[in-house]
Each structure stands twice: as structure tokens, then as C-alpha cells.
Amino acid sequence: MPRGIVLYYSRSGNTKEMAQAIAGAMNGAGLNTECKPVDKVNPDDLPEYDAIVIGSPCYYGQMAAPIKQLIDDLVGRHGQLNGKVGGAFASSANLGGGSETTIVGILQAMLIAGMVIQGDPQGSHYGPLSIGRPDEQVKRQCERRGQRIAALTLKLSA
Ligand SMILES: Cc1cc2nc3c(=O)[nH]c(=O)nc-3n(C[C@H](O)[C@H](O)[C@H](O)COP(=O)(O)O)c2cc1C
């Protein structure tokens, strides 16, 4: 059975709320998905998942250090995430504060790992983003992204 994981770093809860919405939608769409803070994730376990979704607050336009550390710690398993489905999301304080560059930074690492990234022609093209606490519109984008990631993962695993 294919499995997914949504992992995130969050100090004040905004990214965590997004992670829960995405993971809930992935489970609702039929992909068994865990939702974990990054400090509870062992990088050695990530190759067990068919879909890996990573969320970070925007820190100076980039992913927060604990997320970057996890990615760097994957170097010993380079190649083992090849062909898995990826996705990213971010939260920032300000409009234009760097959420998109944060998402793209995570997606760049996923592409280097050989992961499969699906964009979205509607709404948040690169991945869901929130300015401050996620509102209903952001939560809908998170749910949509979770559903699309689950559908692609199930299709590729069939
Ligand atoms: C070290 C640090 C750097 C930050 N840099 C930015 C930034 O460049 N742009 C921005 O809009 N918000 C920035 N923020 C604000 C956070 O991205 C924002 O509060 C986010 O929603 C926090 O997510 P969380 O609740 O999941 O911890 C920064 C916050 C911290 C602590």
C-alpha cells in the first residue's frame, strides 16, 4: 500500500495548520499519510514513503534551518527518493515576504533528488502558501494540493 508523509517545521503554528490540512486531504483521498514535525522524522525512514510533502515558515526568503538540515542529512541516501512524489508549502508574515521562494527552494532539492513535482494551473501554482495564520482560502488550497498529490501518488503506484 502506498504511503505519504507531510513533515513540517513550525514555531507558532501556522505551518503546522497547513500541514494538518494537507495530510487530512491526502488521507481523505485514499493515501495513508502521516503528519509529523521535522524533529520526529528520521531521514533514513523517508525512502519508505511514496509521497513526501515538506512545509516550512519563510525565514529570510528561504526554508528554516531544521528543514534544510533534514534535506542535507538525506545525502547518504541520495537516489533513494527518485520517482517519489513531492510537494512543498510555506508560511510567511508578509505578502511578497518570500513564501514562493521558500517553496521553490524546497522543490529544487526535491528535483535534485529525482522526485516528481506536479504544479497547479489554478490557485497556488508552486504550492500552498499562507500569510500569517491560514484562512479558509488557504485551507482550501491545502486541501486541493493534498488531493492532487494523493491522486498522482496512487496513479503512479498502481
Ligand atoms: C528568523 C525568522 C525569519 C523570518 N523571515 C521572514 C521573511 O523573510 N519574510 C516574511 O514574510 N516573514 C518572515 N518571518 C515570519 C515567519 O515566516 C511567519 O511568522 C510564519 O508564519 C511563521 O510560521 P510558523 O507559525 O509555522 O512558525 C520570519 C520569522 C523568523 C523567526
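Predicted model: local features only at pLDDT ≥ 70, side-chain atom pairs only at ≥ 80, totals over all residues.
Setting aside neighbours within four places in sequence, alanine 93 touches Ile131 and Gly132.

**Alanine 93**
- You will find alanine 93 in the loop that links strand S4 (85-92) to helix H3 (99-112).
- Its relative accessibility is 64%, so alanine 93 counts as exposed, the cut-off being over 50%.
- Alanine 93 and leucine 46 are 47 residues apart along the chain, and 30 Å separates their C-alpha atoms.

**Glutamate 48**
- Glutamate 48 sits in the loop between strand S2 (32-37) and strand S3 (51-57).
- With 46% relative accessibility, glutamate 48 counts as partly exposed.
- Arginine 3 is 45 residues away from glutamate 48 in sequence, yet the C-alpha to C-alpha distance is 7.8 Å.
- The side chains of glutamate 48 and arginine 3 are joined by a polar contact of 3.4 Å.

**Helices H1 and H4**
- Helix H1 (residues 14-28) packs against helix H4 (residues 136-157) at an angle of about 40°, and their axes are 7 Å apart.
- The two helices, H1 and H4, are therefore oblique to each other.
- The crossing of H1 past H4 is right-handed.
- On the H1 side, the contact is made by Glu17, Met18, Ala21, Ile22, Ala25 and Met26; H4 contributes Val138, Lys139, Cys142, Glu143, Gly146, Gln147, Ile149 and Ala150.

Note on methods
Residues numbered from 1 in each chain as written. Heavy atoms only, no water. Helix = DSSP H or I, 4+ residues; strand = E, 2+ residues; numbered from the N terminus. Buried < 20%, exposed > 50% of the residue type's maximum accessible area, 1.4 Å probe, protein only. Polar contact = N/O pair within 3.5 Å; in protein donor to acceptor, adjacent residues only side chain to side chain. Axes fitted to C-alpha atoms, helices over the stretch in contact; angles between N-to-C directions. Parallel < 35°, antiparallel > 145°, perpendicular 65-115°, else oblique. Left-handed = near helix turned anticlockwise from the far one by under 90°. Contact = heavy atoms within 4.5 Å.
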